[in-house]
Amino acid sequence: MRRLRAWVVRLGAVFSRERRDRELTAELEGHLRMQIDDNLRAGMAPEEARRQALIKLGGVEQTKENYRDRRGVPVLETLFQDSRYALRMLRKNPGFTAAAGLTLALGIGANAAIFTLTYAVILKSLPVPNPRQLVRYTFREPGVTDLSLSGPAYDALRRHQTVDTDLLAWSQEQFAIEEKGSVSRVDGALISGNGFRVLELHPFLGRVFGDRDDVTGGGPNGYQALLGYDYWKQHFHESRSALGQSLSVNGRAVTVIGVLPPGFDGLIAGMRTDLVMPLAFEEVIHAPNPMRHHAGSFWLTVMGRLKPGESVQAARANLRATEATVREEADPTHHFLSGFFAPFRMGVESGRSGRSFLKVDFQQPLVALEVLVGLLLLLCCANTALLVLARVSSRTREFALRSALGASRARLFRQVLLEVGLLAGGGLLGGTWFGWAAARSLVSMLASIGQPPPIDVTPRAAIIAFTAAISVFSALAAGLWPALRAVRVAPGPVLKQGGPVSSAKGLGRWIVPAQVAVSVTLLFAASLLCRSFLRLRLENAGFRTAGVTMADVDLSAAKPSRKQAGRDALQMVEALENAPGVEAATVLSAPPIHDGWAAGHYFSLGKQGAVHSDMHTWPESVSPGYFATMGTRILEGRGLARADQDTGRACVLSASAAAYFFPGEDALGRFVYSGGEDPSKDGKDLDPGNACRVVGVSEDARFLSLREASPRMLYSLAEGDEWGTNVSLAVRSRTAGLAAAAIRDAVRRVTAAAATPAIFSFNDLVKQHLRQERMLVGLSACFAAIALLLTALGLYALLARDVLMRTREIGVRLALGARPGDALGMVIWQGFRLVLAGTAVGLAAALAVAKLLGSLLFGVGPADPVTLAAVVAVLLAVAFAASYVPGRRATRVDPMVALRYE
Amino acid sequence: MGDKADVWQGTLALMVLKTLETMGPLHGYGVARRIEQTSRDLLSVNYGTLYPALLKLEQEGYIASEWGQSDNNRKAKYYKLTRAGRRKLAQEAREWEQTTAILARFLAPGEESS
């Protein structure tokens, strides 16, 4: 305890050295005077009295020195002294300081930015107490994105599980909120009545739901609502009076009872949660087809909190034992869980971070980016090391002098490291800011439709700790080698010769090829990603996206019946077809590349009686204008026509569907039967009411995802009962403005009470769909460009220095008859040698990294030879450019001037 | 000076504390003189080593200092015992007595045979 107190006092003394020095001097002065007085009294002569007093004290300066060692913390004091000196040196060389500091800030910032995203998307926990106790119940086919669970499955799981305190159900939804006469769409969620108890989440204001709020009709006072913190801030200006206010949500009056805590954005990462309603409210938003008790609708995210002492393994074992019972109870008809969904298995995993579609989409790209950005940091360190090394070698004399004057090796070593450390400190500050700004713009880049996902990028402790750690790493990586060189300076010869003798040569021989190797890797990765992106973008997807405008229309506020909603949608299409500037328009039952999918059960009869049955045909209900709007080409027969409505059901098959249902036969004029829910009737139940006649075959379209194979499509005319209150429209027009105006006008005229439609272009949708690729391509291209620039600078600096050191040698060569071209060739060859060595190593690394990218690539092999050749060519070109300038300088050496110094 | 024993650090601290207890507040020169006198000039304090020792005791909170006037009107820094210092002195003195008692028993003639 006492020792600690002493250290605190000593640390404090570090900061008041001057005052304490004055006091010490005064005290010793007093001491001497008193002793001199005594000595005089004892009869000594004044001179002798003073001498004896000094002897007795043991020397003023020695005493002071001993006293100081005890007073402060000497190590710290020399450190301060060295730091002040280092700062002065950095200030004296602003060019060097700026170049090295910026390089480090760039490397550190880029790493901070990518880590911020990785942290927010992959590592962050839900902001609830003990998130590690949370588990999530999944439903997935091996290797496929996990599906949500059905209402009956949730109920059955809840009945049979024994390891959790309880299970909650959550569903991300969009609500139509009416405010001052206009209806706007708000992102939010439904949660089961026990949800907040399971999460142990307390409201910021008011109260959260309990079981009594989660009943049909919402209880005696109607439905209650919770607001998200941000929404409350923006729309209610943080006023407490929001509590008790009435809102119109999907045409239903609800009462606000609470505000959720800040930072809570729901259980699904990257989704906004501005409004939370009890699960029973589903009857309103899914009207007129509520899904709560339907065994074939999979829409609930189910999470639980483990009882103390239980583990995910226990939950898994519990589920394995009960899954058969759960499935039986969840779907007694066996139509779904034993039919199409038979291969899907229920599972349990950690629910610490909630559920994240972003994680599914971005985990791999982010891991890849972490690798690339780590390489970039190495490169930045290498460049800084080169710069510092050049500084050290030009300060050889200074180091020699200091060491001759008695500075210890450790102190010189520390001096160099300290200078690099200060640079890295600057890099840390700059990098933290840069990383934060970059992460923010990256997040906004992720969204091309609507608001950016609420990904929190504010620098948190974990992020700052990470950034600090990589700064320390960079300082060591860039400073150790130069510091070792500084220590190895032998004072004798340097001081005798009177000039810098050492060059950065030896090290440059290693650093530049290393830089080249990293550049090759980064460039190769970026080129592969870019080529694969262009493939996705340009390759024929079965659509002509340019000129197509799409709209999501929410009719729920008008509370239409199912039939009415259908009639409205068809009327809107008719109105659109007649609008000015519109070339074609259609309704869509499930829009393409829209994060949704559809599958139906169909079968056909071959000429020889063979039955071809398929569970995975995508039934798309459209208008006659569909093919003209989307630009999907008809390969055989014709498209759908209005007249087909009256002559019984007609359909168009995509090429792959035609080949599946009628292998080797002509599909035109044949029938495809809707299989219903019972596969055993395939080929037997030939009810003409369930059949459609194939009138045309279209090209394949990548409906599900641009990255995946085209599903088998069956297009038929919409009858109007295919959708609920959400309608998708698509319009091909001359200008996007005309289309948007036409859509708004048509919606207003047909359903006055509908929410303002969300309008976006097909190209925006593609952009949104390819956001991970865009992010990867953009960032990796940036990294590669920076890498090339740094490498070129490194090579240039090395060769320029070399030419300068060898001026005399080149002069002699020229005087002896070498042509200027030889000097140029010599320098360029020297550069090429370094680059070739680096390229050889780099190619091996590049192929390894490319393998890591593997599944992120589309239509390009990870060892694509064309890309490899291009990368090598680019590097050689850069090497040539970087060596040409110093090479030219070599040719301009005047032999007379150079030799005169001999 | 060689025939006088040098004062080693740990004991010096104890002597300083004891001196301050018996004499009350005192400046560094006074402490040094007092130690020499008490030891009847058998001990020679190198006055220079006294100041770091005083500083250490002050950092540990056993003594406190303030500026004052000496008898012959010189400005001097006066040290005095704190309450913690008094406790420390009692404890150290006790330990010292124990140590010397043990050593005395060891060194007493004829003890080994019994």
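How many residues of chain B are in contact with chain A, and how many of chain A with chain B? I will start there. This is a predicted model, and in it 19 residues of chain B touch 23 residues of chain A. On the chain B side, the elements that give two or more residues are α2 (28–38), α3 (47–59) and β5 (75–81). The largest share comes from α3(B), with seven residues. Sorted by class, the side of chain B that touches chain A holds six nonpolar, eight polar and five charged residues.

Now chain B itself. Chain B has four helices and five strands, and along the sequence they follow the pattern β-α-β-α-β-α-β-β-α. The chain has 114 residues, of which 31% are buried. Take the contacts between residues at least 6 apart in sequence: in chain B, 49% of them join residues at least 24 apart.

The axes of α2(B) and α3(B) are 10 Å apart, at an angle of about 115 degrees, and the crossing is right-handed. From α2(B), the contact uses B:G28, B:V31 and B:A32; from α3(B), it uses B:Y47, B:L50, B:Y51 and B:L54. Six of these residues are nonpolar, one is polar and none is charged. B:G28, B:V31 and B:A32 are also among the buried residues of α2(B), which include B:Y29, B:G30 and B:I35 as well. After α2(B) comes B:R40, with a positive phi near 50 degrees.

On to chain A. What domains does the assignment give for chain A? Domain 1 covers 2–72, domain 2 covers 131–352, domain 3 is made of 361–500, 507–537 and 771–900, and domain 4 covers 548–769. Over C-alpha atoms, the centres of domain 2 and domain 3 of chain A are 50 Å apart.

Chain A has a helix pair to look at too. Helix α2(A), residues 17–41, packs with helix α3(A), residues 46–57, at an angle of about 130 degrees and with 9 Å between the axes. That angle makes α2(A) oblique to α3(A). The crossing of α2(A) and α3(A) is right-handed. A:H31, A:L32, A:Q35, A:I36, A:N39 and A:L40 are the contact residues of α2(A), and α3(A) supplies A:P46, A:A49, A:R50, A:Q52, A:A53, A:K56 and A:L57.

Last, two residues in loops of chain A. A:N130 lies between α6 (94–123) and β1, and its phi is positive, near 45 degrees, though the residue is not glycine. Is A:N130 buried or exposed? A:N130 counts as exposed because it has 12 C-beta neighbours inside 10 Å. A:E200 sits in the loop between α8 (195–199) and β4 (205–206). A:E200 is not a glycine either, and has a positive phi of about 60 degrees. With 14 other C-beta atoms within 10 Å, A:E200 is partly exposed.

Terms used
Residues are numbered from 1 along each chain as its sequence is written. Chains are lettered from A and ligands numbered from 1 in the order in which they are written. This is a predicted model: local features need pLDDT of at least 70, side-chain atom pairs count only at pLDDT 80 or more; totals for chains, interfaces and linings use all residues. Axes are lines fitted to C-alpha atoms, for helices over the stretch in contact, and angles run from 0 to 180 degrees between N-to-C directions. Angles under 35 degrees count as roughly parallel, over 145 as roughly antiparallel, 65 to 115 as roughly perpendicular and the rest as oblique. A crossing is left-handed if the near helix is turned anticlockwise from the far one by less than a right angle, and right-handed if clockwise. Two residues are in contact if their C-beta atoms, placed from the backbone, lie within 7 Å. Domain bounds come from an automatic or database domain assignment. Ala, Val, Leu, Ile, Met, Phe, Trp, Tyr, Cys and Pro count as nonpolar, Asp, Glu, Lys and Arg as charged, and the others, Gly among them, as polar. A residue is buried if 20 or more other C-beta atoms lie within 10 Å of its own, exposed if 12 or fewer, and partly exposed in between; C-beta atoms are placed from the backbone.
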